[in-house]
Amino acid sequence: SSVLVAREGHGDMALSSSIGSNVFDITFGLPIPWLLATVVVRPGSVISITSVSLPIQVGTLMGMVVIVVASINMFKWSINRPLGVFFFFLYFVFVTEAVMLELCVLPVC
């Protein structure tokens, strides 16, 4: 739906939709399955996360939020193709970093 809205010339609505859906996924998509697993499926159980790189990835995401807001400001609050290319580049950087961290390619493990 974001692509259709963007093609109609409402890039700001498409961007808001994509950000809003990610916020929803994080605030409901992650906790609900964990809540069900620890309360209904196996009451009292604990779900442990064993990723050593999680703090680095969280820090990277927080840094990227600052970069995204700064880049939107730098582009004069106008969503255009160069800004979209920059956002794609940021996404590629994050995914590459996350994969390299989880596969212990980077010396953090």
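Trainee: What volume does the largest pocket have?
Mentor: The largest pocket comes to about 1300 Å³. This is a predicted model, where local features need pLDDT of at least 70, side-chain atom pairs count only at pLDDT 80 or more, and totals for chains, interfaces and linings use all residues. Residues are numbered from 1 along each chain as its sequence is written, and side-chain values use heavy atoms, with hydrogens and water left out.
Trainee: And what counts as a pocket?
Mentor: On a 1 Å grid over the protein atoms alone, a pocket is an open set of points where a 1.4 Å probe fits, with protein on both sides within 12 Å along at least five of seven lines; lining residues have an atom within 4 Å of a point. The volume is the space filled by probe spheres set on the points, which are joined across faces, edges and corners.
Trainee: Which lining residues are closest to the centre?
Mentor: Ser18, Ile19, Asn22, Val68 and Tyr91, out of 29.
Trainee: Which helix gives the largest share of the lining?
Mentor: H4, with ten residues. Helices are DSSP runs (H or I, at least four residues), numbered from the N terminus. H2 (11–29) and H5 each supply at least two lining residues as well.
Trainee: New topic: how many helices and strands are there?
Mentor: Five helices and zero strands.
Trainee: What does Leu90 touch, leaving aside neighbours within four places in sequence?
Mentor: Leucine 90 is in contact (heavy atoms within 4.5 Å) with Met64, Ile67 and Val68.
Trainee: And how big a box do the C-alpha atoms fill?
Mentor: Roughly 50 × 35 × 20 Å, along the principal axes.
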